[in-house]
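Notebook, one structure. I list what I looked up, in the order I went.

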Amino acid sequence: MEQLLGGSSAGRIRFEVAGDARPLPRLLSQLPWVESVQAGEATSPHDRPGIIELTTSNAEEAQRGIPALLAARGLALRSFEMVEPTLEEVFVDLVSEPDR
């Protein structure tokens with residue numbers, strides 16, 4: 001089971017930034033190891049707009065690149081986590097592969 005859930009260098013990462021995160025989705029989407037980016041938006045006073053989730057083709061490169069990008073822009077990293085795929089996501093990936 002563990003092999004199915006973590007058997008790739010790709011993955012999802014969720015992190016929170018202290019400061020103005022609005023330019024980050026555009027900057028991140030230009031990086032070769034970023035496949036998609038979603039940013040939280042402040043729609044109520046309780047929302048945390050500095051939370052960004054991205055899908056990457058290379059998690060190790062993302063783990064190095066995200067902190068470096070933030071530091072270069074003078075932004076602080078509040079939290080950083082690798083998001084494990086759900087069993088449903090693993091199943092969908094397995095059954096949608098053409099050679100299976």
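I began with the sheet: β1 and β3 run antiparallel and are joined by six bridges. The model is a predicted one, and I read every entry below with that in mind.

I then looked up a bridge in this pairing. Arginine 14 has glutamate 53 in β3 as its bridge partner.

Next I followed β3 to β2. Strand β3 covers residues 51-56 and pairs with β2 in the antiparallel sense, over five bridges. I noted two positions here: glutamine 38 stands opposite glutamate 53 in β3, and alanine 39 stands opposite isoleucine 52 in β3.

I wrote down the whole sheet. The sheet is open, has four strands in the order β2-β3-β1-β4, and its pairing is antiparallel. Which strands stand at the edges? They are β2 (34-39) and β4; each has a single partner strand, so one side of each is left without a neighbour in the sheet. I also looked up the angle: on average, neighbouring strands of this sheet are turned by 20 degrees against each other, direction ignored.

I turned to aromatic pairs and found one in the structure. Phenylalanine 15 is in strand β1 (residues 11-18) and phenylalanine 80 in strand β4 (residues 76-83), so the pair ties together parts 65 residues apart in sequence.

Phenylalanine 80, at 28%, counts as partly exposed. The cut-off I used for buried is under 20%.

My last entry is isoleucine 66. I located isoleucine 66 in helix α3 (residues 59-72). Its relative accessibility is 1%, so I put isoleucine 66 down as buried. What does isoleucine 66 touch, not counting residues up to four places away in sequence? I listed Ile13, Phe15, Leu28, Trp33, Leu54 and Phe80.

Note on methods
Residues are numbered from 1 along each chain as its sequence is written. This is a predicted model: local features need pLDDT of at least 70, side-chain atom pairs count only at pLDDT 80 or more; totals for chains, interfaces and linings use all residues. Side-chain values use heavy atoms; hydrogens and water are left out. Rings of Phe, Tyr and Trp (its six-membered ring) pair if their centres lie within 6.5 Å; planes under 30 degrees apart count as stacked, over 60 as edge-to-face and the rest as tilted. Buried means under 20% relative accessible area, exposed over 50%, partly exposed in between (1.4 Å probe, protein chains only). Contact means heavy atoms within 4.5 Å. Two strands pair if DSSP finds at least two bridges between them. Axes are lines fitted to C-alpha atoms, for helices over the stretch in contact, and angles run from 0 to 180 degrees between N-to-C directions.
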